[in-house]
Amino acid sequence: TPVNTDIQNILIPSRNCVTQFPRNSSFLFVTEIVIMAEPSSKKAKTEAVADFGVFGMGTMGQNLALNISERGYRLAAYNRPDEFQARIWGALERAKEEGEARGKTILIDAHTELADFVASLKTPRRILLSIPSGKPVDMTLEALKPLLSAGDVVIDGGNENFKNTERRSKEMLESHGIHFMGMGISGGEVGARNGPALMPGGTRESWEHVKEVLEAMSAKAGDVPEEAPCVTWVGPGGSGHYVKMVHNGIEYADMQFIAEAYDLMQNVCGFTNDEMASVFDRWNNGRLASYLFEITAEILLKKDDQPGCEGFLLDQILDQAGNKGTGKWTVQEAADVGVAVPCVSAALEARFTSAQKDLRSKCAELYRGKVGVDDLPLATPMSDYDKEQLVVDLEKALFAAKIVAYAQGLSQIQAASDEYKWGVKLSELTRIWRGGCIIRAKILNDISDALKTNPDLESLLLDEGLASELAEASDGLRAIVVKAVANGLSAPGFSGALAYFDGMRRGRCSANMIQAQRDFFGAHTFKRLDKEGAYHAAW
């Protein structure tokens, strides 16, 4: 059947091979194609010329491959022969087009045979996996093991559970002498293409093998000429994936704070999208400067481009937030190491609540006009003076909450590092988070400096400089929580941040009552303020 097509190749899969036809060929689709391969003795030997390999040509894989190649490394790319095989040719097309547009040579060797892909890599081989987490990684490693040699390095660049990475790292090294690394990658598809923040974990030897390439492809942050790569060796085993998990937890919290600020401005104050965009843009030029504030201003102004639709796109987006698991893992793992992360858990639970759209709609109908506060949005907008005061308080609330969220996340990482003996340096993590990643923010400069000055800092709340700023901003956080509660607006992120801050400021809290109750009904004993030892009372 004659076919006209603009794609580079038409691919017809058989049981064991992929047949390629030139552009604009005439061909017949048949149920099965049987092709006799040449005997291996006659097949040309693949030359080991590639510096680095990327396995998986999805959106992230393509962007990472193009990034690495653009830095001057010869790259081998592979995508398994399945329904997504055409991605490999898409990578070649992009390499050609983007290389011409940027005036650079982007050299990618495409492979559809796994053995050829591995054989094309110089030793020790360095392969980055850009594939879904879980079982696909285990299956890929099983396919790679017979083709790799001791000393080779395989990097999992997905959002994997750190416990799986710990297991794979141990198994691969002990049974085959192959280094397996788990690397967090932050920055989305744009960051992957132009420079992400990278959080690799694995053996020190494996880090030395991949350090040069990872530093070249990563984002850069700092003042010229002291710009530094946004990558560091996190530690052994699954430390890199653990750190990325908590990074995402902090990201959850930051996004929740912004959503609550948006909710207050829109539904309590009566701000328009244009007004809110202006406020976020102003904040992004101050101490709240960050990637998330930058894109929020753009999101607020985006017009709906669907045919026949008017107004802003944001107003037509369904109010159900998804999650892919890293927020849940952060909360679960925080519980395992005994660290409170209420900002993250509040953000996670807010997403769960948002997912219950039908239930929320029924409750809205049932309780309308019956709970002692006006229904949202408020019918009477605020005066300009009150609006401006709320903006001042919101700026303080967002700043204070951000510090608290970082304090919680970093405390969790430190506790896990102590538990698993990883030796993670928090000052290095906050340094590399300053560029390329989703949570990059101006405040990270101060946080990184504080941790560099005092590597043994028990909590960010104890740094004098940050404590001074947090104390000054806390009245705004308190005012915003009061404002939200008084108007029946749920603000779990801000509330969680304030509760944590107030709880940490208490030299003596109410837990003595809880412990007395535990001893009353379960004889769990208690400790006394005035004497050593454990006691049980005859209640």
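Modeller: Helices (H or I, at least four residues) and strands (E, at least two) are DSSP runs, numbered from the N terminus. This is a predicted model, where local features need pLDDT of at least 70, side-chain atom pairs count only at pLDDT 80 or more, and totals for chains, interfaces and linings use all residues. Residues are numbered from 1 along each chain as its sequence is written, and side-chain values use heavy atoms, leaving out hydrogens and water.

Let's take helix 14, residues 384-420. In the loop between helix 13 and helix 14 sits P377, joined to L376 by a cis peptide bond with omega about 0°. Most peptide bonds are trans.

Helix 14 packs with helix 18 (residues 492-504) at an angle of about 65°, their axes 9 Å apart; axes are lines fitted to C-alpha atoms over the stretch in contact, with angles from 0 to 180 degrees between N-to-C directions. The two helices are therefore roughly perpendicular (65 to 115 degrees; under 35 is roughly parallel, over 145 roughly antiparallel, the rest oblique). Helix 17 (residues 464-486) has its axis within 7 Å of that of helix 14, crossing at roughly 120°, so helix 14 is oblique to helix 17.

The loop between helix 14 and helix 15 (426-432) holds K421. K421 is not a glycine, yet its phi is positive, near 60°. K421 counts as exposed at 70% relative accessibility (over 50%; buried is under 20%, partly exposed in between, with a 1.4 Å probe and protein chains only).
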